[in-house]
Amino acid sequence: MKLTRVTTWPTLGRLTDLRDELDRLFEAPAARASEFLGWSPAFDVYEEKDNFVVKAELPGMKKEDINVSFHDGSLVISGERQNETRNEGTEVYRAERFFGKFQRVVTLPATVAADKVKAQYKDGILTITLPKSEEAKPKQIEVNVN
């Protein structure tokens with residue numbers, strides 16, 4: 001009989017532990033995971049010629065529960081979606097919607113005219129238009145020929 005020495009890599013155990021933790025996280029019900037992770041609304045951020053535009057999905061929220069501020073080049077959107085009250089004796093079969101507080105911060109790549117920022121909330125979509133400051137707008141430079 002011949003004995004063979006098995007060598008294990010020390011990092012392999014840590015990778016296995018990481019995989020087990022990831023599996024456990026994804027197997028947890030969404031509602032339970034939200035207790036630890038909170039929730040975060042989906043955002044679209046894009047740049048137009050003269051503006052930056054941020055759109056956030058906030059369905060079911062009231063205007064009073066949404067806070068928007070702009071400070072030092074960063075747009076901060078926060079708020080709280082209230083949990084619905086259920087009748088006593090109600091049995092929940094599936095709960096996938098998130099409730100509670102959230103905060104998102106978007107840092108913009110150019111300066112903004114903060115006094116001209118506008119926010120509109122319609123059909124669960126918050127649209128924020130942030131006009132670029134004059135120095136941030138692209139300028140056409142004329143080429144002279146001598």
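**Asp72 sits in the loop between strands S3 and S4.** On either side of this loop come S3 (66–71) and S4 (74–81); strands here are DSSP runs of E, at least two residues long, numbered from the N terminus. This is a predicted model, where local features need pLDDT of at least 70, side-chain atom pairs count only at pLDDT 80 or more, and totals for chains, interfaces and linings use all residues. Residues are numbered from 1 along each chain as its sequence is written, and side-chain values use heavy atoms, with hydrogens and water left out. Asp72 isn't a glycine, yet its phi is positive, at about 50 degrees. Asp72 is also exposed, at 70% relative accessible area (exposed means over 50%, with a 1.4 Å probe and protein chains only).

**Asp123 lies in the loop between S6 and S7.** Here's another non-glycine residue with a positive phi, near 55 degrees. Its relative accessible area is 72%, which makes Asp123 exposed.

**S6 and S7 run antiparallel, joined by five bridges.** S7 covers residues 125–131. Two strands count as paired if DSSP finds at least two bridges between them.

**Four strands make an open sheet in the order S1-S2-S7-S6.** The pairing is antiparallel. S1 (43–47) and S6 (118–122) are the edge strands, each with a single partner, so one side of each has no neighbour in the sheet. From one strand to the next, the twist averages 15 degrees (axes are lines fitted to C-alpha atoms, and angles run from 0 to 180 degrees between N-to-C directions).

Terms used
Buried means under 20% relative accessible area, exposed over 50%, partly exposed in between (1.4 Å probe, protein chains only).
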